[in-house]
Amino acid sequence: MNVEPIGDDEVLYRRIPVSTAWYADKVIYGDAFQPRKDEHTGISLFRDKFRTVEEVAKGKAKQGYYVASLRVSDLRRAGIIVEPRPDTPEGWDNAHVEIPGLNAGNRQTNEAEELQSQLAEIAMILPVAGKFVTTE
Amino acid sequence: MSLLAEAEQTAAEQNTEITPRGRSVSSTKSDLATPATRQFGRQWQPVLDKLNLWWTDPEVFDDEDYERPSPNVVSKAIGWANALKEKDRPAPHRVVPDGSGGIIFERRSGIHSEKLHFWDDGKIEVIEMSGHKVIDRVRLI
């Protein structure tokens, strides 16, 4: 399958569980971009070209989710690399992208702290959507 | 006093195991504030309430992607919160999970921030930032 390059005009979504308070009082904190221990190749985001905000917000959390939006042009201007990674363990997903500069291997480094802080600032440029609570 | 200095002092002084719920924190040395002289005690109550809730009801983190703070880490954070409260240090502005089993205490002032990070692997670090730059980072344990 073809991997479609990410355009400068695209927006990427990052889901934030409400229960974490990584988004509070209209401020997104760098914590929202911390790599998990299993994110070996980079933290995940989703392309607005292939996924709606509502779809990104679907999940099991009872308190629901916020969804932060980051413009690719803003990320690239800050020197942050984003890569399309549609080949996921759950199957092919054109919406899936990663920021390889933030990963499980460097999560306890200054580099990671600084990048998380930059991402939080970029994520504040566009409005945060939500909160969304999935009822099943 | 900066969070780093407070945390270093607290780390140096803590010489016994700290128990969960913080009711029997190991005693520290001579600089414990008396109830009459305490300024910041009340600030710590919401912090301790939150940590105790995480201890008693870990289900508050019900997201499938992230790992809740481990009992070990919650216990450690409660112990530290109690120790810093007893020494009448200002409480953090934020107490949040890190998504990988750890907990972060954070104080912010303008572009300056200080984090006390209880990592899932047992490590405790103080990370000081100015804007997007890490200006100091000290591993305590």
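In this predicted model, A:Pro17 stands opposite A:Tyr65, a residue of strand 5 of chain A. That strand, residues 65-71, pairs in the antiparallel sense with strand 1 of chain A, residues 11-17, and seven bridges join the two.

**Sheet of chain A**
- The sheet in chain A is open and antiparallel in its pairing, with six strands that run in the order 6-9-4-1-5-10.
- Its edges are taken by strand 6 (83-84) and strand 10 (129-132) of chain A, each of which has a single partner strand, so one side of each is left without a neighbour in the sheet.

**Nonpolar core**
- The largest nonpolar core holds 58 residues, and those with the most contacts inside it are A:Leu12, A:Ile28, A:Ala32, A:Ala68, B:Leu51, B:Ala77 and B:Ala81.
- Helix 3 of chain B, residues 71-86, gives the most to this core, contributing eight residues.
- Once neighbours within four places in sequence are left aside, A:Leu12 is in contact with A:Leu45, A:Phe46, A:Arg47, A:Leu70, A:Val72, A:Val82 and A:Val97.
- In soluble globular proteins, nonpolar side chains tend to be buried together.

**Contact between chains A and B**
- Chain A brings 19 residues to the contact, while chain B brings 20 residues.
- On the side of chain A that touches chain B, the largest share, five residues, comes from helix 3 of chain A, residues 110-123.
- By residue class, that side of chain A divides into four nonpolar, eight polar and seven charged residues.

Notes
Residues are numbered from 1 along each chain as its sequence is written. Chains are lettered from A and ligands numbered from 1 in the order in which they are written. This is a predicted model: local features need pLDDT of at least 70, side-chain atom pairs count only at pLDDT 80 or more; totals for chains, interfaces and linings use all residues. Two residues are in contact if their C-beta atoms, placed from the backbone, lie within 7 Å. Helices (H or I, at least four residues) and strands (E, at least two) are DSSP runs, numbered from the N terminus. Ala, Val, Leu, Ile, Met, Phe, Trp, Tyr, Cys and Pro count as nonpolar, Asp, Glu, Lys and Arg as charged, and the others, Gly among them, as polar. Two strands pair if DSSP finds at least two bridges between them. A nonpolar core is a set of buried Ala, Val, Leu, Ile, Met, Phe, Trp, Tyr and Cys residues joined through C-beta atoms within 7 Å. A residue is buried if 20 or more other C-beta atoms lie within 10 Å of its own, exposed if 12 or fewer, and partly exposed in between; C-beta atoms are placed from the backbone.
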